[in-house]
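Visitor: Could you show me how to read the side-chain features of a model such as this one, giving the general idea before each case?

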Amino acid sequence: MQHLHGKHIVLGLTGGVACYKSAQLCRLLTKAGATVQVIMTEAAAQFITPVTMQALSGRAVFTSQWDARPDNNMAHINLSRQADAIVIAPCSADFAAKLAQGRADELLSLLCLARPYGKPLLLAPAMNREMWAHPATQRNFAQAAQDGAQVLDVGQGEQACGETGDGRMLEPEELLQDIAASFVPKRLAGRSVLITAGPTFEALDPVRGITNHSSGKMGFAIAAAARAAGAAVTLVAGPVHQPTPRGVQRVNVQSAQDMLQAVQAHLAPADIFIATAAVADWRPAHYAMQKIKKDGSGDLPSLAFVENPDILATVAATERAKNGQLYCVGFAAESENLLANASAKRLRKGVPLLVGNIGPATFGQDDNSLLLIDGQGSHALPRASKISLGHALVAEIARRLPTEAAN
Ligand code: C5P
């Protein structure tokens with residue numbers, strides 16, 4: 001959540017049961033290093049008290065445009081100028097109607113109207129499914145978006161009223177990711193990125209198989225960073241226990257052959273292919289339909305292996321990659337001689353960019369250091385969290401993309 005560190009967020013609450021989630025959102029924002037100034041409408045204060053929000057944000061809550069505390073008595077001006085972003089969560093149907101009309105009869109709508117041009121305004125809708133589906137509501141949110149607001153998704157499921165459908169407010173963790181992503185430069189807007197991540201699992205029988213060390217954390221971090229940078233992202237993941245990053249299309253696979261098939265099925269729209277997966281080099285030549293049993297004789301089973309397809313090399317050899325329409329990035333997990341081994345691998349795989357890391361120093365960990373090798377030379381990204389390395393790598397890739405593909 002590096003993009004939230006040091007940011008000042010004006011968090012506006014309007015009337016809705018989802019106000020209880022905003023208490024948690026406020027806490028998550030402050031834990032991520034942001035300062036939070038809460039503004040509540042009169043309706044919001046029916047659902048949760050300003051006392052709670054003051055305690056969580058560490059700042060007195062504003063509820064009225066007539067609040068006499070500011071020396072200049074212009075809370076709406078001061079608050080909107082100080083904010084790095086204004087987040088309305090929950091954003092009620094009524095508040096969206098106000099925004100659409102440019103009304104300003106209480107502090108929160110007043111400060112939204114008074115916000116300087118370009119100041120980010122994020123809306124997290126929350127309401128009953130019929131209210132959300134109503135053409136007037138859809139029209140109002142569309143108008144707010146046209147006027148510069150970013151309308152976040154709604155969740156789907158059980159609602160406080162007992163009905164089920166679209167219109168719930170996103171969960172606090174989801175909102176946090178969306179707010180953080182709003183601060184990421186959109187270097188990959190309009191691009192499509194395909195990423196492999198995690199290990200593959202090559203089954204030997206119904207209960208056993210061979211696999212590689214890989215938590216998937218680096219690949220998932222790159223997927224999240226690419227998405228935050230505005231790309232459409234498909235993540236082909238081997239068996240890992242990682243949550244799917246917001247807005248990323250995830251395709252789960254087991255074996256290298258499954259992974260290759262999934263990659264080929266999703267390759268057509270891709271501008272960038274990033275292979276972070278630790279693909280098993282071999283798979284058992286025969287799959288035993290029943291568990292291979294110890295028979296007590298002490299004889300060992302005879303296992304034969306065949307080589308798996310090289311997914312990265314296969315993709316790099318496609319016409320689109322060779323013509324420069326598909327930018328391919330490989331990874332190399334080495335245990336020594338990173339520069340020499342990774343440089344050789346770049347040429348062997350036929351990719352413009354190869355990212356080397358020392359495998360044993362990073363497996364399963366939350367941080368890593370990377371060595372980027374391209375036709376011009378090498379460039380180190382020093383040890384940092386995989387999340388921040390994901391963002392740094394996305395920026396490096398964006399910088400290297402052929403300009404004609406940028407349009
Ligand atoms: O040959 P090696 O496994 O060291 O190459 C690592 C790079 O190639 C990584 O980017 C990995 O995702 C990719 N790879 C692949 N298919 C394989 C083996 C590796 O895509 N069968």
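This is a predicted model: local features need pLDDT of at least 70, side-chain atom pairs count only at pLDDT 80 or more; totals for chains, interfaces and linings use all residues.

Visitor: With which residue does R168 form a salt bridge?

Guide: A salt bridge is a side-chain nitrogen of Lys or Arg within 4 Å of a carboxyl oxygen of Asp or Glu. R168 is paired in this way with E171, their closest N and O atoms being 2.8 Å apart, and E171 is itself partly exposed, with a relative accessible area of 29%. By this rule, the count comes to 20 salt bridges.

Visitor: Are E396 and R400, which also meet in a salt bridge, buried or exposed?

Guide: Both E396 and R400 are buried, and their side chains meet at 2.7 Å, N to O. Helices (H or I, at least four residues) and strands (E, at least two) are DSSP runs numbered from the N terminus; E396 and R400 are separated by about one helical turn because they are four residues apart in helix α14 (residues 386-400).

Visitor: Where do K349 and D310 lie, and how far apart in sequence are the parts that they tie together?

Guide: The side chains of K349 and D310 form a salt bridge at 2.5 Å, N to O. K349 lies in helix α13 and D310 in the loop between β15 (305-307) and α11, so the pair ties together parts that are 39 residues apart in sequence. D310 counts as partly exposed because its relative accessibility is 33%.

Visitor: Which residues are around the ligand?

Guide: A residue is near a molecule if one of its heavy atoms lies within 4 Å of it, and the residues around the ligand include T276, A277, D310, I311, F331 and K349. An N or O atom in the side chain of K349 is 2.9 Å from an oxygen atom of the ligand, while a polar backbone atom of I311 is 2.9 Å from a ligand nitrogen. Among the elements that each supply at least two residues of this shell are α11 (311-316) and α13 (338-349).

Notes: Residues are numbered from 1 along each chain as its sequence is written. Side-chain values use heavy atoms; hydrogens and water are left out. A polar contact is a pair of N or O atoms within 3.5 Å; within protein, one must be able to donate a hydrogen and the other to accept it, and residues adjacent in sequence count only if both atoms are side-chain atoms. Buried means under 20% relative accessible area, exposed over 50%, partly exposed in between (1.4 Å probe, protein chains only).
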